[in-house]
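Please look through the sequence and the structure shown here before reading the report, and keep both at hand while you read.

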Amino acid sequence: MGSLHINGGKPLVGEVSIQGSKNGALPLLTATVLIQGKTVLHNCPGITDINAMAELLKSIGCIVTMDKNTITIDATHICDTHCPQKQVQAMRSSIMLLGPLLGRCKSVRMSRPGGCVIGARPTDIHEMALRQMNVRFEEEEDTIFAYTDSLIGADILLPFPSVGATENVIMAAVLAQGSTRLRNAAREPEIVLLCEFLRKAGARIRGIGGSELEIEGVKKLREVTMTVMPDRIVAGTYLLAAAATRGQVLLKHAPPHQMHSLIHLLRTMGAEVFADDDMIYIDAEEATGAVSYIKTGVYPGFPTDLQSMLLSVLAVAYGESVVEEAIFEDRFKVVEPLQRMGAQLSTEGRKVRISGVAKLRGAQLRACELRGGAALVIAALAADGESVIEGCHFIDRGYENIARDLRCLGADISRRDDVRIR
Ligand code: UD1
């Protein structure tokens, strides 16, 4: 499982390259099921969620080969539409196979991905939208069984712009009969990437990047090669780590145009941030100001995936901050470990009130989910003394090698993997 050992308390200084996007690559991998042939995806991150999705694709008959950050998927022969429980439960985003398998094979059976530590994560919006496209769902205990005679385009209004539901509807609609209008769609950059990928493969999609999409079904998609964009959440992680330690960091291969809300926030805290095409430089020596109030939101709002990390930064800012979580109902798991490090935070429903302190102190910590784990790393970098973070496998779900990247920025961080004693 492994643990991270961090000696904190000094500014991060240096430069680092940003890996490919997890949330960009995962839906592209599921979308390859729609293509009866080979898809080549470059710049896929080397993370465990991607490996888990590759295993899931293999289990339904795809031939998947990985060569460094390039993944080739041959989905010519899909032999099974029953997604095995072990692979589905390894990762919430297996739900993203619903639309593609319905599009390709007209049926899918998978166990419910279930809730997770940040909230209940139901699939009602996915199901409601797909029902309108002539899909039937049968409940079998913890299994989703969905089938259709024929997917039919529909006029769908999402009650909330769910990222996953938007992606599932798009993937179901590209091979459906007739056209689909999707209103109140999510507008995350990862959805734009998915649409561009499908369009390259021959899909007809209008309104890309907006909250209203029109998809006209086509008979078949063609083979395609695509490069996954850089990961805006990983880039955000390292900017926030720079802010917490008052460092100076250059990010290469970053997507600044997708990160306006964070860059704006860091500037209001006092950081100097310079952004170009694909690089971001932050001088966070003066990034000491509290944030009187910020609420997470759907894109282009402040990303929920950076919320826990922001708490670590505000824990050492001057003054009082309030952070409200509007997307997931239970995403404050880092409050207790931060308190043990000396931070002053209190929760009131979906809000956290933070009174900045001058210093945090190192502690024995345990990651219990991906982004919360990254938040503990940031807190440990800012804290005096040594911290040990157990539960690295959660961090591995989304970061290729967080210790390697942070060492590029001068951090004193090492990873120790468990040694099995016979
Ligand atoms: C995606 C991202 C995740 C990010 C999230 C919000 C991927 C692989 N994951 O997750 O990193 O944190 O967007 O930006 O891209 N909801 C329902 N019913 C549904 C679907 C969602 O109530 O059927 C609720 C969820 O419980 C949650 C909110 O809607 O409270 C947002 O979920 P959604 O946008 O669907 O997130 P994901 O696609 O799961």
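## About the model

This is a predicted model, in which local features need pLDDT of at least 70 and side-chain atom pairs count only at pLDDT 80 or more, while totals for chains, interfaces and linings use all residues. Residues are numbered from 1 along each chain as its sequence is written, and side-chain values use heavy atoms, with hydrogens and water left out.

## Around the ligand

The shell around the ligand holds 17 residues, and Asp 124, Ile 125, Ser 162, Asp 305 and Ile 327 come nearest; a residue is near if one of its heavy atoms lies within 4 Å. A polar side-chain atom of Ser 162 lies 2.6 Å from an oxygen atom of the ligand, and an N or O atom in the side chain of Asp 305 is likewise 2.6 Å from a ligand oxygen. For Ile 125, a polar backbone atom is 2.7 Å from an oxygen atom of the ligand.

Taken alone the ligand exposes 750 Å², of which the protein buries 85% (areas come from the Shrake-Rupley method with a 1.4 Å probe). Helix 5 (124-131) and helix 6 (163-173) are the elements that give two or more residues to the shell, where helices are DSSP runs (H or I) of at least four residues and strands are runs (E) of at least two, numbered from the N terminus.

## A buried arginine

Arg 371, found in helix 12 (residues 370-382), is buried yet has no salt bridge, and the nearest side chain of opposite charge, that of Asp 305, is 4.4 Å away. Here buried means under 20% relative accessible area, exposed over 50%, and partly exposed in between, with a 1.4 Å probe and protein chains only, whereas a salt bridge is a side-chain nitrogen of Lys or Arg within 4 Å of a carboxyl oxygen of Asp or Glu.

## Salt bridges

A search of the whole structure finds 21 salt bridges.

Arg 232 and Glu 190 form another salt bridge, at 2.8 Å between the closest N and O atoms. Arg 232 lies in helix 8 (residues 232-245) and Glu 190 in helix 7, so the pair ties together parts that are 42 residues apart in sequence. Arg 232 is buried, with a relative accessible area of 11%, and Glu 190 is buried at 5%.

Methods: A polar contact is a pair of N or O atoms within 3.5 Å; within protein, one must be able to donate a hydrogen and the other to accept it, and residues adjacent in sequence count only if both atoms are side-chain atoms. Lys and Arg count as positive and Asp and Glu as negative; His and the chain ends are not counted.
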